[in-house]
Amino acid sequence: MSRKGSLLALRDRDPAPTPASTEPEGRAAALTARSTGVGTGSSSSSSPVAPSRQGKKAMTGYFSPEMSFAMHMTARKHGMSLQDAMAEAFNDWLRKMGESPVGK
């Protein structure tokens with residue numbers, strides 16, 4: 001029986017090109033200007049919210065590079081986004097604590 005390779009072994013491979021490097025120059029510049037507030041003439045509080053983020057609240061955390069890599073690779077391996085994997089983990093934790101899961 002063969003052993004599965006460790007996800008940490010994949011860490012040493014050459015990284016895939018980042019999306020910013022493959023985007024047309026105009027779009028990358030527009031995204032940079034929007035995120036830094038340069039050239040927009042308005043504050044960040046009045047910027048439009050992406051439809052996928054409407055009615056949602058950001059939750060962040062700081063984890064080791066190994067945890068981040070393992071979460072990204074496992075989510076990708078199962079055809080999930082990292083956000084979907086985190087939502088599933090949070091719902092599992094809520095069930096463990098005796099609370100009702102709330103979805104995404």
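Asp92 counts as partly exposed, at 41% relative accessibility. Its salt-bridge partner is Arg95. The model is predicted. The protein chain holds five helices and zero strands. Of its 104 residues, 6% count as buried.

**Overall fold**

- From the N terminus on, the elements run α-α-α-α-α.
- Helix α4 covers residues 65-77, and helix α5 covers residues 82-96.

**Salt bridge**

- The structure holds one salt bridge.
- Arg95 pairs with Asp92, and the closest N and O atoms are 2.8 Å apart.
- That distance lies within the 4 Å cut-off for a salt bridge.
- Side chains of opposite charge can pair when their charged atoms come close.
- Arg95 and Asp92 are three residues apart in helix α5, so about one helical turn separates them.
- An α-helix has 3.6 residues a turn, so residues three or four places apart point the same way.
- Arg95 is partly exposed, with a relative accessible area of 47%.
- Asp92 is also partly exposed, at 41%.

**Helix α4**

- Helix α4 has 13 residues, and at 1.5 Å a residue it should span 18 Å.
- The buried residues of α4 are Phe69, Met73 and Ala75.
- These residues cover an arc of only 165 degrees around the axis, so they sit on the same side of α4.

**From α4 to α5**

- Gly79 follows α4 and has a positive phi, near 70 degrees.
- Ser81 is placed in the loop between α4 and α5.
- With a relative accessible area of 34%, Ser81 is partly exposed, as this value falls between the 20% and 50% cut-offs.
- Ser81 and Met71 are 10 residues apart in sequence.
- In space, Ser81 and Met71 are 9.8 Å apart, C-alpha to C-alpha.

**Largest pocket**

- The largest pocket holds about 640 Å³ of space.
- Its lining is made up of 17 residues.
- Nearest the pocket centre lie Lys57, Ala58, Met59, Gln83 and Lys104.
- By class, the lining has eight nonpolar, four polar and five charged residues.

Definitions and conventions:
Residues numbered from 1 in each chain as written. Predicted model: local features only at pLDDT ≥ 70, side-chain atom pairs only at ≥ 80, totals over all residues. Heavy atoms only, no water. 1 Å grid on protein atoms, 1.4 Å probe; cavity = no way out; pocket = protein on both sides within 12 Å on 5 of 7 lines; lining within 4 Å. Points joined across faces, edges and corners; volume = space filled by probe spheres on them. Nonpolar A, V, L, I, M, F, W, Y, C, P; charged D, E, K, R; others polar. Salt bridge = Lys/Arg side-chain N within 4 Å of Asp/Glu carboxyl O. Helix = DSSP H or I, 4+ residues; strand = E, 2+ residues; numbered from the N terminus. Buried < 20%, exposed > 50% of the residue type's maximum accessible area, 1.4 Å probe, protein only. Expected span 1.5 Å × (residues − 1). Arc of directions from axis to C-beta.
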